[in-house]
Structures are given as structure tokens and as C-alpha cells.
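Q: I would like to learn how to read the features of a protein model. Could we take them one at a time, with the general idea and then the case at hand?

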Amino acid sequence: MSDPAPRRRGRPPKSSRGDAREAIAKAAASEFAERGYDAASMRGIARRAGVDPSLVHHYFDSKAALFAEAVRLPVRPDRIVRRALDAPLNRLGESIVTTVLTAWENPKVRPIGITLLKTAIGGSGAGGLLRQFMVRELGRAIAGRLETEGIDPAEADLRATLVMSQMAGVLIVRHVIGIEPLASEPIAEVIARVSVSVQGHLDGRL
């Protein structure tokens, strides 16, 4: 009997693509649950799924994309924030606040965002995973943008954390708890007021 033909590397047959993607997503969910977001790696997920690492990268361009698939996130908060980071430093606060708060006004995004926030501030394992994801993919993106302006990495991390705390507070009070008058304040007014505080954190002003 002749030896079976070796398995070809690269893109799988069309009939098996859905199965391969699903197997990778399931392996990722297990890897994230066991190791946490920070310690999980694309290579480790590939090993768990029994596939070549190149196949993981074929379906998912980043660990953030894989995490979103594994935990069934219908929106990508990392993409929402990264869209805002091209603004000049002196307009960065306004850009972040406008992008994030405007996204939350979308009735399709708001219930998802509320669920994510409630999970992130909870004490569950899922909450811990989401916190790691937010720090790594949101906080580090903001800090990295500040570092391009020559700001010391430790200071950039602190400023980014303060920005995240400011934004989380506004979102929780406006959308999760619903405290008036912030809950029903026109979005343009909220953006104008919060942008000043966020810009102050980005600039490092006391």
C-alpha cells in the first residue's frame, strides 16, 4: 500500500474551511480560559487546535480578532478606539471621546457594550479575561500613541489608564446606571465636556 499523500500547507479545501475556523475558535476559547488573555499565544492556540500556526493567521489577523471570535463579540472595541488614534495629540481627547460615545449611541452597539461593561467589572473569570483584553488592546493602543510623541512608557501607561477610567465612568453612569441628568444629556454636550477632561489626562496636566 502506498503512503498517503502529505497534507499540503496553506489554505485548506473549501469544504473544510468552516470546520477549521470553528476548531481554532474553540481552541482559542479554551486557551484564553486556562491561560488568560496576556499569556495565551497564537502558536499555543494552533497547537491546541492541531493546525499549523499559519492557518490561524490565515483566518485571524491578530490575537484580538481571535479573542473576539472566541467569546462571540459582535463588535470590536479595539477597532473603535484605534480609529480615533490618528488625530493630532492636541485633538486626541476629542477624537477618542467622540468616537467611543458616538458608537455607544448606536442602538445595536449599546446593549452589547452594557453587557461587556457589566462583565468586565464583575468578579467572574470572563470578567478577568475582558479586563486583560481591554488593558492590552485598548490601554496599550492609547499608551503606544502617546509614546510616539516621546512620552515615557510608564507615564504613557498611567495617562492611558486615566483615560480608560474616565471613559468607563461616563459610560457606566450614562448607560448602565442611568443617573440623571447625564443619562439624557445631549451627546454633543457630553462629548464637549468629557473631551476636556480626557485631553487633560493625555497631556498629563494636573
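Q: What share of the contacts in the chain with a separation of 6 or more is between residues 24 or more positions apart?
A: The model is a predicted one. In it, residues 24 or more positions apart account for 60% of the contacts with a separation of 6 or more.

Q: How much of the chain is buried, and what is the accessible surface made of?
A: Of the 206 residues in the chain, 41% are buried. The accessible surface is about 11,500 Å², and carbon and sulfur atoms hold 55% of that.

Q: Is leucine 85 buried or exposed, and what does it touch?
A: Buried means under 20% relative accessible area. Leucine 85 has 8% relative accessibility, so it counts as buried. This residue is in the loop between α5 (77-82) and α6. Not counting residues up to four places away in sequence, leucine 85 touches Leu92, Ile96, Ala141, Ile142 and Arg145.

Q: How should I read the buried residues of a helix, for instance those of α9?
A: An α-helix has 3.6 residues a turn, so residues three or four places apart point the same way. In α9 the buried residues are Ala156, Arg159, Ala160, Val163, Met167, Val170, Leu171, Ile172, Arg174 and His175. They pack against α6, α7, α8 and α10.

Q: Which residues does histidine 175 contact, leaving aside its neighbours within four places in sequence?
A: Those contacts are Trp104, Glu105, Arg110 and Ile114. Histidine 175 lies in helix α9, residues 153-177, and is buried at a relative accessible area of 15%.

Q: What should the 25 residues of α9 span, and where is the kink?
A: At 1.5 Å a residue the helix should span 36 Å, and the end C-alpha atoms of α9 are 34 Å apart, which agrees. A kink of about 25 degrees in α9 is centred on leucine 171.

Q: What does α10 reach from its first C-alpha to its last, and where is its kink?
A: Helix α10, residues 187-203, has 17 residues and reaches 24 Å, close to the 24 Å expected. Its kink is about 25 degrees and is centred on serine 195. Serine 195 is also one of the buried residues of α10, which include Val190, Ile191, Val194 and Val198. The buried residues of α10 pack against α6 (92-105), α8 (125-147) and α9.

Q: At what angle do α7 and α8 pack, and which residues meet?
A: Angles of 65 to 115 degrees count as roughly perpendicular. Helix α7 (residues 110-120) and α8 pack at about 105 degrees, with their axes 7 Å apart, and are therefore roughly perpendicular to each other. Leu116, Thr119 and Ala120 in α7 meet Ala126, Gly127, Leu130, Arg131 and Met134 in α8.

Q: Why does threonine 119 count as partly exposed?
A: Partly exposed covers values between the buried limit of 20% and the exposed limit of 50%. Threonine 119 is at 24% relative accessibility, so it counts as partly exposed. Threonine 119 and arginine 131 are 12 residues apart in sequence and 9.0 Å apart in space, C-alpha to C-alpha.

Q: What does glutamate 147 contact, leaving aside its neighbours within four places in sequence?
A: Glutamate 147 is in contact with Arg140, Pro153 and Ala156. The residue is found in helix α8 and is partly exposed, with a relative accessible area of 27%. Its C-alpha is separated by 9.1 Å from that of aspartate 157, 10 residues apart along the chain.

Q: Which backbone angles deserve a look around the helices?
A: Most residues other than glycine have a negative phi, and most peptide bonds are trans. Glycine 50, which follows α2, has a positive phi near 70 degrees. A cis peptide bond joins glutamate 180 and proline 181, with omega about 5 degrees. Proline 181 is in the loop between α9 and α10.

Methods:
Residues numbered from 1 in each chain as written. Predicted model: local features only at pLDDT ≥ 70, side-chain atom pairs only at ≥ 80, totals over all residues. Heavy atoms only, no water. Helix = DSSP H or I, 4+ residues; strand = E, 2+ residues; numbered from the N terminus. Buried < 20%, exposed > 50% of the residue type's maximum accessible area, 1.4 Å probe, protein only. Contact = heavy atoms within 4.5 Å. Expected span 1.5 Å × (residues − 1). Bend = angle between axes of the 7 residues up to and from the residue. Areas by Shrake-Rupley, 256 points an atom, 1.4 Å probe, with all protein chains shown as cover. Axes fitted to C-alpha atoms, helices over the stretch in contact; angles between N-to-C directions. Parallel < 35°, antiparallel > 145°, perpendicular 65-115°, else oblique.
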